[in-house]
Amino acid sequence: MGFLEKINLAALGAGILALAWYLFSVVPQIGSVPVAEIAWKWPMGLSLGLFLVMLIATVIPLAMTDQTIRDESGIIDDERDRAIELRGDAWSGNVMHLLAFLALILVFFDAPGFWVAQTLYVGGMGSGLISIAVKVADYRRGA
Amino acid sequence: MSFHEKSNIAMLLLTGGVYTWYFASSAGVLLGGAASPELALVVTNAKMLVTVGAIIIASIIAHIAIAIAAPSEANENADERDKLVEMRGDQRGGYVMAVFALMGMGAAMIAQPYYLIANLILAGLVASELVKGVSKLVDYRRGV
């Protein structure tokens, strides 16, 4: 398994954990308290911070131990890695566009700010996870 | 020049032109506080609808004109190069959209007026489309 594939797997794990923690903190409040009183701002900030910390904490040991980085050539990505990266990011870009459009429609119809922020955050994290999942699938399946 | 390249140029010009008008004519409302937040939302919402309608109608007309000018090219399927150019554009546009989505989320977090959030998201969609269009234009001209 190449270095970039390991990084993608680490990002996938960190993203799923951070998003799951956020959803477990916020979703149970929906319906039980008025939308305006749902505590979502600090869990959102914390979830983002948690994702970054987990990613950094995983990537540093990977980078320290991975042998490909220590190769004399110093090249960590090849043509296939770049093609996989491009395909994953293109998927993510399209999903992000769709969800931003959905958020715009919500604002247009005067939906509470809570739902607009959720669409952007869950959509942003979701599109990132889709991007990584496409990359991991391409690595495993062959691209 | 292929049908896909001409289509990209048409969409780039249309998006650039229509949304330059939109943001230039809404600058007073968006930046100067020329109207109350409620009125600003109503005004910009109405303009947004007009711009979306204008883009749809103008793009249909533009694509019909491109197809009439070169009928043989209109039925061409996207080849490997077209797909690569498209993906590179989607990738770059996606990065821009992600930055604006983060800004929109931040604006919602600090309870900014709705018209500002709506226009931040719209600006993101427009900016990402323009980046995507320019990326495709450059890739088609320079080669990938």
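Take the contacts in chain B between residues at least 6 apart in sequence: 79% of them join residues at least 24 apart. Contact here is a C-beta criterion, with two residues counted when those atoms, placed from the backbone, lie within 7 Å. For chain A the corresponding share is 80%.

Before going on, a word on the ground rules. This is a predicted model, so local features need pLDDT of at least 70 and side-chain atom pairs count only at pLDDT 80 or more, while totals for chains, interfaces and linings use all residues. Residues are numbered from 1 along each chain as its sequence is written, and chains are lettered from A and ligands numbered from 1 in the order in which they are written.

Now for the secondary structure. Chain B has 5 helices and 0 strands, running α-α-α-α-α from the N terminus, whereas chain A has 4 helices and 0 strands, in the pattern α-α-α-α. These are DSSP runs numbered from the N terminus, with helices being H or I over at least four residues and strands being E over at least two. Along its principal axes, the C-alpha trace spans about 55 × 30 × 20 Å for chain B and about 60 × 30 × 20 Å for chain A.

How much of each chain is buried? In chain B 33% of the 144 residues are, and in chain A 32% of the 143 residues are. Buried means 20 or more other C-beta atoms within 10 Å of a residue's own, exposed means 12 or fewer, and partly exposed lies in between, with C-beta atoms placed from the backbone.

Helix 1 of chain B, residues 3–31, is worth a walk. Its 29 residues reach 40 Å from first C-alpha to last, close to the 42 Å expected, where the expected span is 1.5 Å times one less than the number of residues. Even so, there is a kink of about 40° centred on Ser25(B); the bend is the angle between axes fitted to the seven residues ending at a residue and the seven starting there. Its buried residues include Phe3(B), Met11(B), Thr15(B), Tyr19(B) and Tyr22(B), and the buried set packs against helix 2 (37–69), helix 3 (71–74), helix 4 (80–109) and helix 5 (114–142) of chain B.

Zoom in on Tyr19(B), which sits in this helix. Tyr19(B) counts as buried because it has 20 C-beta neighbours inside 10 Å. Leaving aside neighbours within four places in sequence, Tyr19(B) is in contact with Thr51(B) and Val126(B). Ile64(B), by contrast, is 45 residues along from Tyr19(B) and 22 Å away, C-alpha to C-alpha.

Of its 47 residues, Ala100(A), Ala103(A), Val107(A), Ile117(B), Ala118(B) and Ile121(B) touch the most other members. Helix 3 of chain A gives the most to this core, with 10 residues. Not counting residues up to four places away in sequence, Ala103(A) touches Val116(A), Thr119(A), Leu120(A), Gly104(B) and Ile121(B).

Finally, the interface: 23 residues of chain A are in contact with 23 residues of chain B. On the chain A side, helix 3 and helix 4 are the elements that give two or more residues, and helix 3 supplies the largest share, 15 residues. That side divides into 13 nonpolar, 6 polar and 4 charged residues, where Ala, Val, Leu, Ile, Met, Phe, Trp, Tyr, Cys and Pro count as nonpolar, Asp, Glu, Lys and Arg as charged, and the others, Gly among them, as polar.

Key. Core = buried A, V, L, I, M, F, W, Y, C linked by C-beta atoms within 7 Å.
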